[in-house]
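Here's a quick briefing to read alongside the model. It starts with charge pairs, then moves on to pockets, the surface and the fold.

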Amino acid sequence: MILHPFAVPEKFLYALEHCKIKGRYGGEPRVETLTMFRNKLYRLVEAAVKNWIFDKRFISKFLISTGVFLVTYFFFSYVVRDPIPMIDETVLGLGAGIFSYIMLGRKDMNSDGAMKKRVELRSKVDRIEFTESDFLKKVETILYENESGKLDDVIKQIIAPEYKYKFSGLEDREEVVQFLRLLENRFNFRRLKREEKHFKRFVDGRTGKGFIESKNLDYPLYAVYKLFKKNISSFK
């Protein structure tokens, strides 16, 4: 599982241009996993360049397409006579305008400016470095224990997390904060928050295990989230 905040191309473009992006891992990731992730970022680069060139060239493309529409409309209005005026001319004019707008967009994507931007952003993606993180090692260890342990113990961890994480400083705290934020963005933890009343009933023996298991939710990961959420709130 790779967590990242780059779902929106515009945010990814801003991050590449104005921020220093760092990658973290716990256990040594496979080469093919990192290659797959880099290819995903390349696709985001393509989307970001497309949006960038669209915004940059929108006015000129719109004016040119409007001109094509008007020329086509008046040409067929005065040169080609038909029994139903305006309708055919309008349809042909719109078709010509839309076609020219699309072709101009494709030309823009192959322009020198777009190519230069694409190379610039891809090179920044290639410079992203992944380094080992003691925090993520701890996260993976706890997650593996949750996944291989009993559901009862995992539910108890959700209700009352006991593990105390020792922060090494503000940078460590920022890494934990970003990790929690990325989990919240990717998973529907609000739904799990609403389910906690059932977890408490389960711990008190008022709800059967079958009801908890039937929910088909990622309890081990949510237990990790709750644990570090509690630790970060108590960090001074």
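Glu-132 and Lys-137 join their side chains in a salt bridge, 3.2 Å from N to O; the term asks for a side-chain nitrogen of Lys or Arg within 4 Å of a carboxyl oxygen of Asp or Glu. Keep in mind that this is a predicted model, where local features need pLDDT of at least 70, side-chain atom pairs count only at pLDDT 80 or more, and totals for chains, interfaces and linings use all residues. Residues are numbered from 1 along each chain as its sequence is written, and side-chain values use heavy atoms, with hydrogens and water left out.

**Salt bridges**
- Searching the whole structure turns up 6 salt bridges.
- In the opening pair, Glu-132 is partly exposed at 45% relative accessibility, and Lys-137 is partly exposed at 35% (buried is under 20% relative accessible area, exposed over 50%, partly exposed in between, with a 1.4 Å probe and protein chains only).
- Glu-184 pairs up with Lys-229, their closest N and O atoms being 3.1 Å apart.
- Since Glu-184 sits in helix 7 and Lys-229 in helix 10, this pair ties together parts that are 45 residues apart in sequence.
- Both ends are partly exposed: Glu-184 has a relative accessible area of 32%, and Lys-229 has 37%.
- Glu-32 and Arg-30 make another salt bridge, at 3.9 Å from N to O.
- Here Arg-30 counts as exposed at 56% relative accessibility, while Glu-32 is partly exposed at 48%.

**Pockets**
- The largest pocket holds about 1,500 Å³ of space.
- A pocket here is an open set of points on a 1 Å grid over the protein atoms alone, where a 1.4 Å probe fits, with protein on both sides within 12 Å along at least five of seven lines; lining residues have an atom within 4 Å of a point.
- Volume is the space filled by probe spheres set on those points, which are joined across faces, edges and corners.
- Its lining runs to 45 residues, with Leu-3, Gly-23, Arg-24, Phe-130 and Leu-136 nearest the centre of the largest pocket.
- Among the elements giving at least two lining residues each are strand 1 (22-25), helix 4 (112-126) and helix 5 (134-148).
- By class, that lining has 26 nonpolar, 6 polar and 13 charged residues (Ala, Val, Leu, Ile, Met, Phe, Trp, Tyr, Cys and Pro are nonpolar, Asp, Glu, Lys and Arg charged, and the others, Gly among them, polar).
- The second largest pocket comes in at about 320 Å³, and its 14 lining residues include Leu-3, His-4 and Arg-186.
- Helix 2 and helix 7 each give at least two residues to the lining of the second largest pocket.

**Surface patch**
- Phe-54, Phe-58, Ile-59, Phe-62 and Leu-63 make up a nonpolar surface patch with about 490 Å² of accessible area together.
- Patch members have over 30% relative accessible area and no salt bridge, with nonpolar side chains (Val, Leu, Ile, Met, Phe, Trp, Tyr) joined within 5 Å and like charges within 9 Å; areas come from the Shrake-Rupley method with a 1.4 Å probe, and for residues only the protein chains shown count as cover.
- Phe-62 belongs to helix 2 (residues 31-78) and is partly exposed, at 45% relative accessible area.

**Fold and burial**
- The chain has 10 helices and 2 strands, which are DSSP runs numbered from the N terminus (helices H or I, at least four residues; strands E, at least two).
- Of the 236 residues in the chain, 35% are buried.
- Leu-227, in helix 10 (residues 219-233), is buried with a relative accessible area of 3%.
- Leu-227 and Ile-159 are 68 residues apart in sequence, yet 9.5 Å apart in space, C-alpha to C-alpha.
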